[in-house]
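I opened this notebook to keep track of what I looked up, and in what order. The entries go from the whole chain to the space inside it and then to single residues.

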Amino acid sequence: NIQGCFQSYVRVWDGIAARKAAAKDGGISLEALEGADDVDIVMKHFFEFVGNDVLVSTDALGEQGKLISRAARYAGMEKIKNPFLDLLDLAEDTLSDLDLAKVSREYLLKQFNIPERTNALSKAHANQHLYQKLLTMGG
């Protein structure tokens, strides 16, 4: 179950064009993004928030894990101590009739009729719903 919510903007370092694109993609003003903290500060607050909890994601052991690890290094962390749970791996272990070639986040969301918007909070809620669905199926 979701026990709390951490949400923060991160200032984009890649120049004004990247900041404008990130603001547009996130549906926020450029000023809000420009006033955000750098990734090193945000990640320190994030890991204070999660404590020792398991980090749940699709592709947690792939690109998502790499992004979190890289951001943690910016914050001065040598290693992430939290365990990761990859929902795609859980789906493969849980759904024996699953066509492994089709396993993707989009496929699972469609299979379970779970809506999702583009912001990170919506994606976190979708992860929670995917996890609950997989648990009820024997995961």
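The entries below record what I looked up in this predicted model.

**Entry 1: the overall fold**

I began with the secondary structure and found seven helices and two strands in the protein, which, read along the sequence, follow the pattern α-α-α-β-α-β-α-α-α. I then took the extent of the C-alpha atoms along the principal axes, and they fill a box of roughly 45 × 30 × 30 Å.

For contacts between residues at least 6 apart in sequence, I noted that 59% join residues at least 24 apart. Of the 139 residues in the protein, 31% are buried, and the exposed surface comes to about 9,200 Å², with carbon and sulfur atoms supplying 50% of it.

**Entry 2: the largest pocket**

I turned next to empty space, since rolling a probe the size of a water molecule over the atoms shows where it is left. The largest pocket holds about 2,300 Å³ of space. It is lined by 49 residues, and I wrote down those closest to its centre, namely Phe6, Phe46, Ala120, Leu121 and Ala124.

Which elements give two or more residues to this lining? I listed α1 (16-26), α3 (39-50), β1 (55-57), α4 (63-74) and α7 (120-136), and I marked α7 as the contributor of the largest share, with eight residues. By residue class, the lining of the largest pocket divides into 28 nonpolar, 14 polar and seven charged residues.

**Entry 3: arginine 105**

I looked up arginine 105, which belongs to helix α6 (residues 105-111). Is arginine 105 buried or exposed? Its relative accessible area is 12%, and because this lies under the 20% cut-off, arginine 105 counts as buried.

I then asked what its side chain meets, and found a polar contact of 3.0 Å between the side chains of arginine 105 and threonine 58. Setting aside neighbours within four places in sequence, I recorded contacts of arginine 105 with Thr58, Leu88, Glu116, Lys123, Ala126 and Asn127.

**Entry 4: threonine 94**

I followed its side chain to the backbone oxygen of leucine 90, which the side chain of threonine 94 reaches at 2.7 Å.

**Entry 5: asparagine 113**

I went on to the loop between α6 and α7, where asparagine 113 is placed. The phi angle of asparagine 113 is near 55°, and I flagged this as a positive value in a residue other than glycine. Why does asparagine 113 count as exposed? Its relative accessibility is 68%, and because exposed means over 50%, asparagine 113 falls in that class.

**Entry 6: lysine 133**

At a relative accessible area of 37%, lysine 133 falls between the cut-offs of 20% and 50%, so I noted lysine 133 as partly exposed.

Leaving aside neighbours within four places in sequence, I found lysine 133 in contact with Phe112 and Ile114. I also took the separation between the C-alpha atoms of lysine 133 and serine 69, which are 64 residues apart along the chain, and it is 28 Å.

How values were computed
Residues numbered from 1 in each chain as written. Predicted model: local features only at pLDDT ≥ 70, side-chain atom pairs only at ≥ 80, totals over all residues. Heavy atoms only, no water. 1 Å grid on protein atoms, 1.4 Å probe; cavity = no way out; pocket = protein on both sides within 12 Å on 5 of 7 lines; lining within 4 Å. Points joined across faces, edges and corners; volume = space filled by probe spheres on them. Helix = DSSP H or I, 4+ residues; strand = E, 2+ residues; numbered from the N terminus. Nonpolar A, V, L, I, M, F, W, Y, C, P; charged D, E, K, R; others polar. Buried < 20%, exposed > 50% of the residue type's maximum accessible area, 1.4 Å probe, protein only. Contact = heavy atoms within 4.5 Å. Areas by Shrake-Rupley, 256 points an atom, 1.4 Å probe, with all protein chains shown as cover. Polar contact = N/O pair within 3.5 Å; in protein donor to acceptor, adjacent residues only side chain to side chain.
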